[in-house]
Amino acid sequence: MNIINEEKKDKILNISFNQDNSLLSVSTENGFFIYGALPPKKKQERRMDGGISHCEMLYRTNLLALIGGGEVPKYNPSKLIIWDDKQNNVISEIKFYSNIKNVKLKRNKIFCILENNIYVFSLDTLENTEIIPTRLNPKGLFGINNNEDKIVIAYVPKLNDKNIIKGSIIVKNYDKDTKREINAQDDSISCISLNNDGTLLATSNEKGIIIRIHSCENGDLLSQFKRGMEKVEINYICFDNLNNYLAVTSVKGTIHIWSLSKVVENLKNIKKNGSTLGVGKNIITSQDSNDNNNNKIIENIDNEQETVEKNNLPTNKKTILGKAEKSFARIKLNSNSICSFQKDNIIFVATYDGMYYKALLDSKNGGHCKIILQDSLRNLKK
């Protein structure tokens, strides 16, 4: 039963967690809602006369980034809205020449993802500090670490160099002023995720069958996971904060969970003995971001092309890494979803048909996770 979508105005357009996975935002055709994850509880309800496609939270603060969307958008989808939820009001906005596909916040930066560029702003001044060209990115693919102490991002680079391949990702570390191209998949990328401290990159291919884990520091392929044999769209990838597990959700409603123990072991061996997987280790230093400063927010600005060294993966990954690993645990639902790892082996799941679930992960035996609580998000009270 489609509980929250009984009325068209309550159709869910997007779901996302804040940076520490303690809060959940639900964007609908009629505004947005904020919920606590554990315990499940409604925190805020903002009904509007129009749709919100994205509601991005800044940790547990009152500052939000909103994008209009849906059949009747509340705001122009090409406009980024900075919202103060304590004042229940718009405090600033940034206008682009095309629609915004995604937005992410850090303590001192805003990342606006458009189809062909990523715009970086200072959160304090809203000054545009950087423009990063990308290849066509209609889904707004973008990865960012959640740790407050540093900023690492992952994005799909522009195919402006014959050495850059379709399945490559650029990982940029702002604190170390480095970036690295990682040949993450053999075909197009469908989903990107970084772990909490920005040391691990997870990607899925467009078939939704293989998920690969790479080291962000040197590009080494650490492991590869097999979701299944049937082609499916991967919707969401997340790490737990301690690098123990990785979860992947798909549009089929299935959630697959893998242990990261071998990944962590491979990473330790590489740091101790050097790269053993045949991948180059050169670090690429990024150019001064001030070269890209531009206070005129124009999407089609041509930046100076950046030369990025290519890290060639081994041609026979199965020989080096062994057979792709099947999932350690699973959750079977009937709707597209996102999830997060909570304390005490609890996995919190929110679905696009308006349900939430608490599932218990058996850390010793894996298998099917036990659903210990389920209800409609709409039933949650303040």
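Two strands count as paired if DSSP finds at least two bridges between them. Keep that in mind as we look at this predicted model, starting with one of its sheets.

In general, the strands of a sheet are held together by backbone hydrogen bonds, in either a parallel or an antiparallel arrangement.

Where do β10 and β11 sit in the order of their open sheet? The sheet has 4 strands, arranged β9-β10-β11-β12 with antiparallel pairing. Its edges are β9 (102-105) and β12 (128-133), each of which pairs on one side only. From one strand to the next, the twist averages 15 degrees.

Now follow the backbone itself. Most residues other than glycine have a negative phi, and most peptide bonds are trans. With that in mind, look at the loop between β11 and β12, where L126 is found. L126 is not a glycine, yet its phi is positive, at about 60 degrees. D344 also has a positive phi of about 60 degrees without being a glycine, and it lies in the loop between β27 (337-341) and β28 (346-351).

There is a peptide bond to notice as well. The bond from L38 to P39 is cis, with omega near -5 degrees. P39 belongs to the loop between β3 (31-36) and β4.

| Residue | Relative accessible area | Class |
|---|---|---|
| K42 | 13% | buried |
| L126 | 23% | partly exposed |
| N76 | 38% | partly exposed |
| D344 | 62% | exposed |

Why does K42 count as buried? Its relative accessibility is 13%, and buried means under 20%. D344 counts as exposed because its 62% is over the 50% cut-off.

K42 is placed in strand β4 (residues 41-47). Its side chain makes a polar contact of 3.0 Å with the side chain of E45. Leaving aside residues up to four places away in sequence, K42 touches I34, Y35, L380, K381 and K382.

N76 lies in a loop, the one between β6 (63-68) and β7 (79-84). The side chains of N76 and S78 are joined by a polar contact of 2.8 Å. Not counting residues up to four places away in sequence, N76 touches K95 and N99. How far apart in space are N76 and I52? They are 24 residues apart in sequence, and their C-alpha atoms are 9.9 Å apart.

**How confident is the prediction?**

Across the chain, the pLDDT averages 85, and 83% of the residues score at least 70.

Methods: Residues numbered from 1 in each chain as written. Predicted model: local features only at pLDDT ≥ 70, side-chain atom pairs only at ≥ 80, totals over all residues. Heavy atoms only, no water. Helix = DSSP H or I, 4+ residues; strand = E, 2+ residues; numbered from the N terminus. Buried < 20%, exposed > 50% of the residue type's maximum accessible area, 1.4 Å probe, protein only. Contact = heavy atoms within 4.5 Å. Polar contact = N/O pair within 3.5 Å; in protein donor to acceptor, adjacent residues only side chain to side chain. pLDDT = per-residue confidence, 0-100. Axes fitted to C-alpha atoms, helices over the stretch in contact; angles between N-to-C directions.
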